[in-house]
Amino acid sequence: MAHAATMKRSDEHVVDRDAETAWTLPGRLYHDPAVYEAEMRTIFSASWQYGCAAADVAAPGDYVTIDLPADAVFVVRGRDGVLRGFHNVCQHRAHRLLEGRGNVKAVVTCPYHAWAFGLDGALRAARNSENVKGFDRTAFGLRPVQVEVHLGMVFVNPDLAAASLEAMAGDMFADIAASLPWLDELAPYRETRQDVGFTFEDDMAFNWKVLIDNCLECYHCAPAHPAFCDLIAMDSYRTTVHGLWSSAKSRLNRHDNAAYPVAADAEQTRGDFWYLWPNMTFGTFPGQANFLAFAVEPTGPETTTTRSDYFMRPGELVHPSRSNYGRDVLWPEDKAICEAVHRGLKSRGYGQGRFIVDQGRSEISEHGVHHFQRLYAEAMGIG
Ligand code: FES
Ligand SMILES: [Fe+2]
(Lines give C-alpha, C1' and ligand atoms only; values in the text may rest on other atoms or scores of the structure.)
(Ligands and ions follow the chains in the order given, each with its own letter.)
Protein backbone atom coordinates (compact mmCIF):
# COMPACT_ATOMS: atom_id res chain seq x y z
CA MET A 1 0.00 0.00 0.00
CA ALA A 2 1.16 3.49 -0.80
CA HIS A 3 2.44 5.73 1.95
CA ALA A 4 -0.65 7.25 3.50
CA ALA A 5 0.79 10.73 4.00
CA THR A 6 1.67 10.94 0.32
CA MET A 7 -1.70 9.86 -0.87
CA LYS A 8 -4.22 11.22 1.58
CA ARG A 9 -4.80 14.69 2.94
CA SER A 10 -7.47 15.62 5.44
CA ASP A 11 -8.45 18.74 3.50
CA GLU A 12 -9.29 16.79 0.36
CA HIS A 13 -12.36 14.80 -0.62
CA VAL A 14 -11.84 11.11 -1.26
CA VAL A 15 -13.34 9.75 -4.47
CA ASP A 16 -16.68 8.73 -3.01
CA ARG A 17 -18.24 5.35 -3.89
CA ASP A 18 -21.35 7.11 -5.12
CA ALA A 19 -20.51 8.43 -8.58
CA GLU A 20 -23.32 10.98 -8.43
CA THR A 21 -21.88 12.77 -5.40
CA ALA A 22 -18.15 12.04 -5.87
CA TRP A 23 -15.33 14.52 -6.28
CA THR A 24 -12.52 13.82 -8.74
CA LEU A 25 -8.96 12.93 -7.75
CA PRO A 26 -6.91 15.86 -6.44
CA GLY A 27 -4.71 17.49 -9.07
CA ARG A 28 -1.51 16.88 -7.12
CA LEU A 29 -1.84 13.11 -7.67
CA TYR A 30 -1.14 13.75 -11.35
CA HIS A 31 2.37 15.13 -11.03
CA ASP A 32 3.87 14.39 -7.59
CA PRO A 33 7.03 12.21 -8.02
CA ALA A 34 6.29 10.44 -4.71
CA VAL A 35 2.85 9.45 -5.99
CA TYR A 36 4.41 8.14 -9.19
CA GLU A 37 6.84 5.99 -7.18
CA ALA A 38 3.93 4.71 -5.09
CA GLU A 39 2.01 3.84 -8.29
CA MET A 40 4.98 1.81 -9.54
CA ARG A 41 5.10 -0.23 -6.33
CA THR A 42 1.38 -0.52 -5.73
CA ILE A 43 -0.22 -0.67 -9.17
CA PHE A 44 2.24 -1.44 -11.96
CA SER A 45 4.32 -4.13 -10.27
CA ALA A 46 1.19 -6.02 -9.25
CA SER A 47 -1.32 -5.74 -12.11
CA TRP A 48 -2.17 -7.63 -15.27
CA GLN A 49 -0.90 -5.68 -18.25
CA TYR A 50 -0.90 -6.05 -22.01
CA GLY A 51 2.04 -8.09 -23.33
CA CYS A 52 1.92 -8.73 -27.05
CA ALA A 53 -0.02 -10.47 -29.80
CA ALA A 54 -0.15 -14.23 -29.25
CA ALA A 55 0.69 -14.69 -32.95
CA ASP A 56 4.14 -13.22 -32.22
CA VAL A 57 5.03 -16.10 -29.88
CA ALA A 58 3.37 -18.94 -31.77
CA ALA A 59 6.39 -21.20 -32.44
CA PRO A 60 8.81 -22.84 -29.97
CA GLY A 61 11.63 -20.40 -29.21
CA ASP A 62 9.61 -17.31 -30.22
CA TYR A 63 10.02 -14.51 -27.70
CA VAL A 64 8.87 -10.93 -27.22
CA THR A 65 10.38 -8.53 -24.70
CA ILE A 66 7.92 -6.29 -22.89
CA ASP A 67 9.07 -3.19 -21.06
CA LEU A 68 6.31 -2.56 -18.54
CA PRO A 69 6.38 0.68 -16.55
CA ALA A 70 7.86 -1.03 -13.48
CA ASP A 71 9.34 -4.27 -14.83
CA ALA A 72 11.20 -5.48 -17.91
CA VAL A 73 9.89 -8.95 -18.77
CA PHE A 74 9.77 -11.31 -21.73
CA VAL A 75 7.52 -14.12 -22.84
CA VAL A 76 8.88 -17.16 -24.66
CA ARG A 77 7.27 -20.29 -26.15
CA GLY A 78 8.98 -23.42 -24.80
CA ARG A 79 9.97 -26.52 -26.78
CA ASP A 80 7.03 -28.11 -24.97
CA GLY A 81 4.67 -25.55 -26.49
CA VAL A 82 4.04 -23.79 -23.17
CA LEU A 83 4.18 -19.98 -23.15
CA ARG A 84 6.09 -18.68 -20.12
CA GLY A 85 7.11 -15.27 -18.88
CA PHE A 86 10.19 -14.13 -16.97
CA HIS A 87 11.81 -10.97 -15.70
CA ASN A 88 14.27 -9.90 -18.38
CA VAL A 89 17.29 -9.96 -16.08
CA CYS A 90 20.17 -12.40 -15.76
CA GLN A 91 20.60 -14.04 -12.35
CA HIS A 92 24.39 -13.68 -12.47
CA ARG A 93 25.07 -9.93 -12.36
CA ALA A 94 21.82 -8.59 -13.67
CA HIS A 95 22.45 -7.84 -17.34
CA ARG A 96 19.37 -7.60 -19.53
CA LEU A 97 18.88 -10.88 -21.35
CA LEU A 98 16.87 -10.26 -24.50
CA GLU A 99 16.05 -7.35 -26.80
CA GLY A 100 13.11 -6.80 -29.11
CA ARG A 101 11.53 -9.96 -30.45
CA GLY A 102 12.71 -13.03 -32.29
CA ASN A 103 13.45 -16.73 -31.83
CA VAL A 104 16.08 -18.13 -29.47
CA LYS A 105 15.91 -21.79 -30.52
CA ALA A 106 16.77 -23.72 -27.35
CA VAL A 107 18.32 -21.38 -24.78
CA VAL A 108 18.41 -17.72 -23.73
CA THR A 109 22.06 -16.71 -23.56
CA CYS A 110 23.08 -13.65 -21.58
CA PRO A 111 25.20 -11.26 -23.65
CA TYR A 112 27.46 -10.39 -20.67
CA HIS A 113 29.11 -13.67 -19.55
CA ALA A 114 27.05 -16.13 -21.56
CA TRP A 115 25.08 -17.87 -18.85
CA ALA A 116 22.48 -19.95 -20.68
CA PHE A 117 18.90 -20.46 -19.50
CA GLY A 118 16.44 -23.01 -20.83
CA LEU A 119 13.09 -21.82 -22.15
CA ASP A 120 11.63 -23.07 -18.87
CA GLY A 121 13.84 -20.56 -17.05
CA ALA A 122 16.27 -23.13 -15.56
CA LEU A 123 19.96 -22.25 -15.59
CA ARG A 124 21.56 -24.71 -18.02
CA ALA A 125 25.14 -23.51 -18.22
CA ALA A 126 27.32 -21.04 -16.32
CA ARG A 127 30.91 -21.00 -17.56
CA ASN A 128 33.45 -22.13 -14.94
CA SER A 129 30.77 -22.60 -12.28
CA GLU A 130 31.85 -26.25 -11.88
CA ASN A 131 35.01 -24.87 -10.26
CA VAL A 132 33.11 -22.63 -7.85
CA LYS A 133 32.66 -23.78 -4.27
CA GLY A 134 29.06 -24.62 -3.37
CA PHE A 135 27.59 -23.30 -6.62
CA ASP A 136 24.02 -24.57 -6.92
CA ARG A 137 22.74 -24.12 -10.44
CA THR A 138 19.15 -24.69 -9.38
CA ALA A 139 19.23 -21.54 -7.26
CA PHE A 140 19.68 -19.26 -10.28
CA GLY A 141 16.68 -19.93 -12.48
CA LEU A 142 14.97 -16.95 -14.08
CA ARG A 143 12.30 -15.29 -11.98
CA PRO A 144 8.89 -16.02 -13.53
CA VAL A 145 5.94 -13.73 -14.11
CA GLN A 146 2.35 -14.79 -14.71
CA VAL A 147 1.16 -15.18 -18.30
CA GLU A 148 -2.32 -15.62 -19.76
CA VAL A 149 -3.64 -15.54 -23.29
CA HIS A 150 -7.07 -14.14 -24.13
CA LEU A 151 -8.53 -13.52 -27.62
CA GLY A 152 -5.14 -13.69 -29.31
CA MET A 153 -3.50 -11.35 -26.82
CA VAL A 154 -0.84 -12.17 -24.23
CA PHE A 155 -1.10 -10.58 -20.80
CA VAL A 156 1.53 -10.60 -18.06
CA ASN A 157 1.56 -9.90 -14.34
CA PRO A 158 4.82 -9.59 -12.36
CA ASP A 159 2.94 -10.42 -9.14
CA LEU A 160 2.91 -14.20 -8.73
CA ALA A 161 0.36 -13.90 -5.93
CA ALA A 162 -2.18 -12.00 -8.05
CA ALA A 163 -5.47 -13.67 -8.95
CA SER A 164 -5.82 -14.87 -12.53
CA LEU A 165 -6.90 -12.42 -15.20
CA GLU A 166 -9.57 -14.92 -16.19
CA ALA A 167 -11.05 -14.62 -12.71
CA MET A 168 -10.78 -10.82 -12.73
CA ALA A 169 -11.93 -10.02 -16.24
CA GLY A 170 -13.00 -13.19 -18.03
CA ASP A 171 -16.43 -11.63 -18.48
CA MET A 172 -14.84 -8.71 -20.38
CA PHE A 173 -13.14 -11.04 -22.85
CA ALA A 174 -16.43 -12.88 -23.29
CA ASP A 175 -18.13 -9.55 -23.96
CA ILE A 176 -15.51 -8.56 -26.55
CA ALA A 177 -15.79 -11.95 -28.29
CA ALA A 178 -19.57 -11.69 -28.38
CA SER A 179 -19.41 -8.14 -29.78
CA LEU A 180 -16.78 -8.92 -32.44
CA PRO A 181 -17.58 -12.35 -33.92
CA TRP A 182 -14.80 -11.98 -36.53
CA LEU A 183 -12.08 -11.11 -34.03
CA ASP A 184 -10.31 -14.46 -34.23
CA GLU A 185 -9.96 -14.02 -38.01
CA LEU A 186 -7.78 -10.94 -37.59
CA ALA A 187 -3.98 -10.90 -37.45
CA PRO A 188 -1.43 -8.41 -36.12
CA TYR A 189 -1.13 -5.49 -38.52
CA ARG A 190 2.48 -4.85 -39.40
CA GLU A 191 2.21 -1.58 -41.28
CA THR A 192 3.63 1.44 -39.51
CA ARG A 193 1.83 2.96 -36.56
CA GLN A 194 1.37 6.11 -38.63
CA ASP A 195 -0.65 4.09 -41.13
CA VAL A 196 -2.89 2.81 -38.41
CA GLY A 197 -3.81 6.31 -37.35
CA PHE A 198 -5.62 5.26 -34.22
CA THR A 199 -2.56 4.55 -32.12
CA PHE A 200 -1.09 7.24 -29.96
CA GLU A 201 2.37 8.72 -29.72
CA ASP A 202 5.48 7.61 -27.91
CA ASP A 203 6.28 10.73 -25.91
CA MET A 204 3.37 12.52 -24.39
CA ALA A 205 3.76 15.38 -21.92
CA PHE A 206 1.08 14.51 -19.41
CA ASN A 207 0.40 12.04 -16.62
CA TRP A 208 -0.91 8.62 -17.69
CA LYS A 209 -4.14 9.09 -15.75
CA VAL A 210 -5.02 12.17 -17.80
CA LEU A 211 -5.27 10.04 -20.94
CA ILE A 212 -7.16 7.24 -19.19
CA ASP A 213 -9.64 9.76 -17.76
CA ASN A 214 -10.09 11.28 -21.20
CA CYS A 215 -10.74 7.91 -22.86
CA LEU A 216 -13.52 7.07 -20.43
CA GLU A 217 -16.10 9.74 -21.16
CA CYS A 218 -17.81 11.32 -24.13
CA TYR A 219 -18.88 14.44 -22.24
CA HIS A 220 -16.07 16.14 -24.16
CA CYS A 221 -17.04 14.69 -27.54
CA ALA A 222 -19.49 17.41 -28.62
CA PRO A 223 -17.21 20.36 -27.74
CA ALA A 224 -13.92 18.70 -28.78
CA HIS A 225 -14.66 16.14 -31.52
CA PRO A 226 -17.28 17.49 -33.96
CA ALA A 227 -16.44 14.96 -36.70
CA PHE A 228 -16.53 12.03 -34.25
CA CYS A 229 -20.03 13.14 -33.26
CA ASP A 230 -21.04 12.81 -36.91
CA LEU A 231 -19.38 9.38 -37.24
CA ILE A 232 -20.97 7.96 -34.08
CA ALA A 233 -24.64 8.23 -33.16
CA MET A 234 -24.13 10.09 -29.92
CA ASP A 235 -27.52 9.17 -28.48
CA SER A 236 -26.45 5.49 -28.74
CA TYR A 237 -23.19 5.94 -26.79
CA ARG A 238 -23.46 4.05 -23.50
CA THR A 239 -20.82 3.40 -20.87
CA THR A 240 -21.31 0.51 -18.44
CA VAL A 241 -19.01 -0.31 -15.56
CA HIS A 242 -18.12 -3.76 -14.24
CA GLY A 243 -15.60 -5.03 -11.67
CA LEU A 244 -12.20 -4.17 -13.14
CA TRP A 245 -13.42 -3.05 -16.54
CA SER A 246 -15.89 -0.86 -18.34
CA SER A 247 -17.18 -0.58 -21.87
CA ALA A 248 -18.43 2.23 -24.07
CA LYS A 249 -20.55 1.09 -26.96
CA SER A 250 -22.09 3.02 -29.80
CA ARG A 251 -23.28 2.61 -33.34
CA LEU A 252 -22.38 4.30 -36.60
CA ASN A 253 -24.30 7.52 -37.21
CA ARG A 254 -24.09 7.63 -41.00
CA HIS A 255 -21.84 6.12 -43.64
CA ASP A 256 -21.13 9.48 -45.28
CA ASN A 257 -19.97 11.48 -42.28
CA ALA A 258 -17.53 14.27 -41.46
CA ALA A 259 -14.83 11.94 -40.03
CA TYR A 260 -14.25 9.40 -42.82
CA PRO A 261 -16.45 7.51 -45.27
CA VAL A 262 -17.69 4.12 -44.09
CA ALA A 263 -18.51 1.71 -46.93
CA ALA A 264 -22.15 0.74 -47.35
CA ASP A 265 -21.21 -2.91 -46.84
CA ALA A 266 -18.76 -2.26 -43.98
CA GLU A 267 -18.29 -5.21 -41.67
CA GLN A 268 -18.17 -3.04 -38.58
CA THR A 269 -20.96 -0.56 -38.03
CA ARG A 270 -20.20 0.07 -34.38
CA GLY A 271 -17.68 1.95 -32.31
CA ASP A 272 -17.06 -0.18 -29.22
CA PHE A 273 -14.38 0.38 -26.61
CA TRP A 274 -13.33 -1.44 -23.47
CA TYR A 275 -11.16 -0.32 -20.55
CA LEU A 276 -9.35 -2.78 -18.27
CA TRP A 277 -7.68 -1.75 -15.01
CA PRO A 278 -5.17 -0.26 -14.70
CA ASN A 279 -4.03 1.00 -18.10
CA MET A 280 -5.45 -0.99 -21.00
CA THR A 281 -7.94 -0.04 -23.67
CA PHE A 282 -9.34 -2.13 -26.48
CA GLY A 283 -11.49 -0.84 -29.26
CA THR A 284 -12.93 -1.02 -32.71
CA PHE A 285 -14.04 1.79 -35.00
CA PRO A 286 -16.69 1.67 -37.72
CA GLY A 287 -15.50 0.47 -41.12
CA GLN A 288 -13.24 -2.49 -41.85
CA ALA A 289 -12.97 -5.29 -39.30
CA ASN A 290 -10.42 -3.86 -36.88
CA PHE A 291 -9.28 -4.18 -33.28
CA LEU A 292 -6.87 -2.03 -31.32
CA ALA A 293 -5.24 -3.06 -28.04
CA PHE A 294 -3.22 -0.42 -26.30
CA ALA A 295 -1.60 0.16 -22.96
CA VAL A 296 -1.13 3.66 -21.57
CA GLU A 297 2.20 3.57 -19.77
CA PRO A 298 3.79 6.13 -17.48
CA THR A 299 7.45 6.87 -18.16
CA GLY A 300 7.61 9.45 -15.37
CA PRO A 301 5.23 11.52 -13.25
CA GLU A 302 4.56 13.86 -16.17
CA THR A 303 5.33 11.75 -19.22
CA THR A 304 3.47 8.89 -20.86
CA THR A 305 3.93 6.47 -23.69
CA THR A 306 1.76 3.78 -25.25
CA ARG A 307 2.34 0.24 -26.44
CA SER A 308 -0.15 -1.09 -28.88
CA ASP A 309 -1.04 -3.79 -31.33
CA TYR A 310 -3.51 -3.39 -34.12
CA PHE A 311 -5.36 -6.27 -35.71
CA MET A 312 -6.84 -6.44 -39.21
CA ARG A 313 -7.86 -9.11 -41.69
CA PRO A 314 -4.61 -10.59 -43.08
CA GLY A 315 -3.45 -8.68 -46.15
CA GLU A 316 -5.97 -5.89 -45.77
CA LEU A 317 -4.73 -2.30 -45.43
CA VAL A 318 -6.39 0.33 -43.29
CA HIS A 319 -8.26 2.73 -45.55
CA PRO A 320 -6.20 5.97 -45.71
CA SER A 321 -9.14 8.23 -44.95
CA ARG A 322 -9.60 6.45 -41.64
CA SER A 323 -5.88 6.63 -40.81
CA ASN A 324 -5.79 10.29 -41.70
CA TYR A 325 -8.78 11.07 -39.51
CA GLY A 326 -7.28 9.32 -36.50
CA ARG A 327 -3.80 10.73 -36.94
CA ASP A 328 -4.58 14.25 -38.14
CA VAL A 329 -7.86 15.08 -36.44
CA LEU A 330 -9.01 12.89 -33.55
CA TRP A 331 -5.66 12.37 -31.83
CA PRO A 332 -4.52 16.02 -32.11
CA GLU A 333 -7.84 17.03 -30.58
CA ASP A 334 -7.32 14.69 -27.61
CA LYS A 335 -3.61 15.44 -27.28
CA ALA A 336 -4.23 19.18 -26.95
CA ILE A 337 -6.87 18.45 -24.30
CA CYS A 338 -4.57 16.18 -22.30
CA GLU A 339 -1.71 18.67 -22.37
CA ALA A 340 -3.97 21.50 -21.25
CA VAL A 341 -5.49 19.37 -18.48
CA HIS A 342 -2.08 18.29 -17.21
CA ARG A 343 -0.96 21.91 -16.96
CA GLY A 344 -4.21 22.73 -15.18
CA LEU A 345 -3.85 19.88 -12.70
CA LYS A 346 -0.51 21.43 -11.67
CA SER A 347 -2.00 24.87 -11.20
CA ARG A 348 -2.19 26.28 -7.68
CA GLY A 349 -5.58 27.51 -8.80
CA TYR A 350 -7.04 23.98 -8.98
CA GLY A 351 -7.91 21.41 -6.33
CA GLN A 352 -10.59 18.87 -7.24
CA GLY A 353 -13.66 18.84 -9.46
CA ARG A 354 -17.00 17.03 -9.49
CA PHE A 355 -17.97 14.27 -11.87
CA ILE A 356 -20.94 15.05 -14.07
CA VAL A 357 -22.83 11.80 -13.56
CA ASP A 358 -26.55 11.73 -14.28
CA GLN A 359 -29.07 9.20 -13.00
CA GLY A 360 -29.74 7.73 -16.44
CA ARG A 361 -26.01 7.28 -17.16
CA SER A 362 -26.46 9.11 -20.45
CA GLU A 363 -23.97 9.43 -23.29
CA ILE A 364 -22.42 12.47 -21.61
CA SER A 365 -22.24 11.01 -18.10
CA GLU A 366 -18.78 10.63 -16.56
CA HIS A 367 -19.39 7.46 -14.55
CA GLY A 368 -16.68 5.63 -16.52
CA VAL A 369 -14.08 8.09 -15.25
CA HIS A 370 -15.43 7.73 -11.73
CA HIS A 371 -15.11 3.94 -12.01
CA PHE A 372 -11.40 4.26 -12.92
CA GLN A 373 -10.70 6.80 -10.22
CA ARG A 374 -12.45 4.63 -7.60
CA LEU A 375 -10.29 1.65 -8.60
CA TYR A 376 -7.27 3.94 -8.35
CA ALA A 377 -8.27 5.28 -4.95
CA GLU A 378 -8.84 1.76 -3.62
CA ALA A 379 -5.52 0.50 -4.99
CA MET A 380 -3.62 3.44 -3.52
CA GLY A 381 -5.31 3.26 -0.14
CA ILE A 382 -7.24 6.52 -0.35
CA GLY A 383 -10.65 4.99 -0.92
S1 FES B 1 25.27 -10.98 -16.08
FE2 FES B 1 24.49 -12.54 -17.33
S3 FES B 1 26.13 -13.92 -17.52
FE4 FES B 1 26.93 -12.38 -16.24
FE1 LIG C 1 -11.47 12.44 -26.92
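**Across from T65 sits F74 of strand β3.** The view shows a predicted model, so local features need pLDDT of at least 70 and side-chain atom pairs count only at pLDDT 80 or more, while totals for chains, interfaces and linings use all residues, and side-chain values use heavy atoms, with hydrogens and water left out. Residues are numbered from 1 along each chain as its sequence is written, with chains lettered from A and ligands numbered from 1 in the order in which they are written. Two strands count as paired if DSSP finds at least two bridges between them. Strands themselves are DSSP runs of E with at least two residues, helices are runs of H or I with at least four, and the numbering starts at the N terminus.

**An open sheet of 7 strands runs in the order β1-β10-β9-β4-β3-β2-β5, with antiparallel pairing.** At its edges are β1 (49–53) and β5 (101–103), each of which pairs on one side only. On average, neighbouring strands of this sheet are turned by 30 degrees against each other, direction ignored. Helix α3 (residues 165–179) packs on the sheet and touches β9 (144–150) and β10 (153–157), its direction making about 20 degrees with that of β9. For such angles, axes are lines fitted to C-alpha atoms (for helices over the stretch in contact), and the values run from 0 to 180 degrees between N-to-C directions.

**Strand β10 is largely enclosed by the rest of the structure, because 5 of its 5 residues are buried.** Here buried means under 20% relative accessible area, exposed means over 50%, and partly exposed is in between (1.4 Å probe, protein chains only). In a regular strand the side chains alternate between the two faces of the sheet. Both faces of β10 are covered: M153, F155 and N157 are buried on one side, V154 and V156 on the other. What sits opposite F155 of β10? That's Y50, and β1 and β10 pair antiparallel over 4 bridges.

**The hairpin of β9 and β10 has 2 residues between its strands.** The two strands pair in the antiparallel sense over 5 bridges. One of the bridge partners to look for is M153 in β10, which goes with H150. In the hairpin, L151 takes a positive phi near 50 degrees.

**Zooming in on helix α3, we find E166.** Its relative accessibility is 45%, so E166 counts as partly exposed. Which residues does E166 contact, leaving aside its neighbours within four places in sequence? They are E148 and H150, with contact meaning heavy atoms within 4.5 Å. V149 is 17 residues away from E166 along the chain, and their C-alpha atoms are separated by 9.3 Å.

**The iron ion (ligand 2) has H220 (NE2), H225 (NE2), D334 (OD) and D334 (OD) as its protein donors, lying 2.0 to 2.7 Å from it.** Donors are N, O and S atoms within 2.8 Å of the metal (3.2 Å for Na, K and Ca), and water is not among the atoms, so sites may look incomplete. The angles among the 4 donor atoms span 53 to 160 degrees, and the site is irregular. The sequence spacing of the donor residues is H-x4-H-x108-D. H225, in the loop between α6 (221–224) and α7 (228–231), and D334, in helix α8 (residues 320–345), link distant parts of the chain, being 109 residues apart. H225 is buried at 2% relative accessible area, and D334 is buried too, at 10%.

**R124 is part of strand β8 (residues 123–125).** With a relative accessible area of 41%, R124 is partly exposed. Not counting residues up to four places away in sequence, R124 touches V107, A116, F117, G118 and R137.

Definitions and conventions
Four donors count as tetrahedral if all angles lie between 85 and 135 degrees; four count as square planar and six as octahedral if opposite donors are over 155 degrees apart and all others between 65 and 115; anything else is irregular.
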